[in-house]
Amino acid sequence: MTVPEILLLVSASAVAGAINSVAGGGTLLTFPALLAAGHASTIANATSTTALWPGQVSSLFGYRKEIRHNVRAIVPLLVIGLAGGAVGAYLLTVTSPALFDRIVPFLILGATALFMAQEPISRWQKSRRPPETDGKPVSPETPEKLHLTPGIVLFLLGISVYGGYFGAGIGILTLAALGLCGLTHIHQMNGIKNIFTLGINGIAIVLFITQGLVRWDTAGLMVVGSLVGGYAGAGIARRIGQKNVRRLVILIGIALSLSLLLKRF
C-alpha cells in the first residue's frame, strides 16, 4: 500500500466516523475509497463492513438503557438479523467480482436514495410519537410492544439479507420497519436498530473472514481512522451542519454511481 493510499483510507474512514456520528452514511465514503485504493469490489465491501463494525459496537453504550428495557423485542429481531445477514453474506461470497462490479453502481445509487429518504422517515416517526399522559410524555424507557406480522418479518428478513450482501442504508430501512412494527420512541428504536444491524454485520463479517475477503492491514487503518473521526470529527461535522453533511454524502453517492455507470459504457 502506498502512502497516498494510506492517507486516502485513513482520511475517508475518519470523515465517515464523523458523518456517522451526526447523520449516518459513512459507508458511502469508505467503500469508494477502498475501490480507489485498488481493492476489488467484493474485498472493498467486506473490508469496509469489518472496519466500521467497532464503531457500531461503541454506539451501543449510548443506548444501554433502552436495550436493557427491550430485551424481549430485541431477541426475535436479532434472530432474523443473524439469519438474513448470513444469507446475504453467503450470496456475496459466491458472487463473482465481475458480476458484483456490474451491480455496485445500482447498490450505491439505491443506498444514496435511502439516505435521501432518511429525513422524511424521521418526520413520519416524529408524527407518531405517543400522546402525553397526565401532562407528561410517556417514558421512553417504558418497553413498547413489537407487532411482528408475517409481512413485517419478511421485510426485516429482506433488510438483513441486503445488509449482509452490501449494507449501506440498512439503518434507515430498519427504523422504517420498526415504525411499522408499532414502535414510536426514537431512542428505543435506535437502540433496537443498533442491535439488529450489529447482528447482521457481525455474522456477515464472520463469513467474510472465513472466505478471506477481509484485508486486515487496511481494516486496521480504517478502524483507527473511524474511531478518531467519530470522536474528534463530530464537532466539526456539527459546526458544518447536519444538512450540509447530508448534502455532501448524497453528492458523493450520486457522483460515484454515475461515474461507475459511465465506465460500463
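How many helices and how many strands does the secondary structure of the protein chain come to? The count is 12 helices and 0 strands. Read from the N terminus, the order of elements is therefore α-α-α-α-α-α-α-α-α-α-α-α.

The model is predicted. Confidence for the protein chain averages a pLDDT of 79, and 78% of the residues score at least 70. Over residues 132-138 the pLDDT stays under 50. For that stretch the model has 5 contacts beyond four places in sequence.

Chain-level values are collected below.

| Property of the protein chain | Value |
|---|---|
| Residues counted as buried | 47% of 265 residues |
| Contacts joining residues at least 24 apart, among those between residues at least 6 apart in sequence | 83% of contacts |

Helix 2 covers residues 27-36. Of its 10 residues, 7 are buried, so the helix is largely enclosed by the rest of the structure. Being buried here means having under 20% relative accessible area. The buried residues of helix 2 are L28, L29, T30, F31, P32, A33 and L34.

In summary, the protein chain has helices but 0 strands, and 47% of its residues count as buried. Within helix 2, burial takes in 7 of the 10 residues, F31 and P32 among them. Residues 132-138 are a stretch where pLDDT stays under 50.

Terms used
Residues numbered from 1 in each chain as written. Predicted model: local features only at pLDDT ≥ 70, side-chain atom pairs only at ≥ 80, totals over all residues. Heavy atoms only, no water. pLDDT = per-residue confidence, 0-100. Contact = heavy atoms within 4.5 Å. Buried < 20%, exposed > 50% of the residue type's maximum accessible area, 1.4 Å probe, protein only. Helix = DSSP H or I, 4+ residues; strand = E, 2+ residues; numbered from the N terminus.
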